[in-house]
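This report looks at charged side chains and their partners. Please keep the sequence and the model open while reading.

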Amino acid sequence: MSVQSSSTTFVTPDVAAARAFYERHFDTWCPFDCGWYVLVRLGKQADAPEVGFMEPREGVAPFSGGGMLNLVVDDVDGMHTRMAAAGANIVVPLADNPWGDRGFGVLDPAGVLVYCHKAIPPSAEYARFIQQSPNAPRGA
C-alpha cells in the first residue's frame, strides 16, 4: 500500500472566513464548496496540496488549536511582506532557524498556525539529524 495524497480538514464555525483567508494570501482555487464544507487547493495544479474546512457537525468538535500547517513556499520573504502589509495575524516572526528553514507563522481564521518557510542550510548541530530518503540515489 502506498499513500497517493493527503489533505487536512479543520473544523471551524466560519468556513467562509477560512476560505477567504487562503484565497487572499495563497494562489488557491476551490474544487468543492457545499457551504458547510469547503476544499481549498493551494495552487492551480491538479496535484497541489489541499486543506479542508468544515462546520462543526454532530460528533465533530471545532478545532481548538495546537500543531501547525507547514507550507513550503518559493518566496518566504515576499510572502511575509505581503501578508504583514495586508494585516495578517503574524504570530511567529520571520527568522532563519538552525534546523534548516527560514520562515514565519500566521494564524488563519480557524485558529490554525500556518508556518510558511523555505529550506536553508542547517547549522552543524542540526545537519546530523537529516535523513536521506531510502529511495535516493547513492551520493545524493
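Which residues does Asp-108 touch, not counting residues up to four places away in sequence? They are Phe-21, Tyr-22, Phe-53 and Val-114, where contact means heavy atoms within 4.5 Å.

## Basis

This is a predicted model: local features need pLDDT of at least 70, side-chain atom pairs count only at pLDDT 80 or more, and totals for chains, interfaces and linings use all residues. Residues are numbered from 1 along each chain as its sequence is written, and side-chain values use heavy atoms, with hydrogens and water left out.

## Asp-108

Asp-108 sits in the loop between strand S7 (101–107) and strand S8 (113–119). Helices (H or I, at least four residues) and strands (E, at least two) are DSSP runs, numbered from the N terminus.

Asp-108 is buried but has no salt bridge. Buried means under 20% relative accessible area (1.4 Å probe, protein chains only). A salt bridge puts a side-chain nitrogen of Lys or Arg within 4 Å of a carboxyl oxygen of Asp or Glu. Arg-19 is the nearest side chain of opposite charge, 13 Å away. Lys and Arg count as positive, Asp and Glu as negative; His and the chain ends are not counted.

## Salt bridges

The count is six salt bridges. One of them pairs Asp-27 with Lys-44, with the closest N and O atoms 2.8 Å apart. Asp-27 lies in the loop between helix H1 (15–25) and strand S2 (29–33), and Lys-44 in the loop between strand S3 (37–41) and strand S4 (50–54), so the pair ties together parts 17 residues apart in sequence.

Glu-50 bridges to Arg-41 at 2.3 Å between the closest N and O atoms. Arg-41 is buried, at 12% relative accessible area.

Note on methods: Buried means under 20% relative accessible area, exposed over 50%, partly exposed in between (1.4 Å probe, protein chains only).
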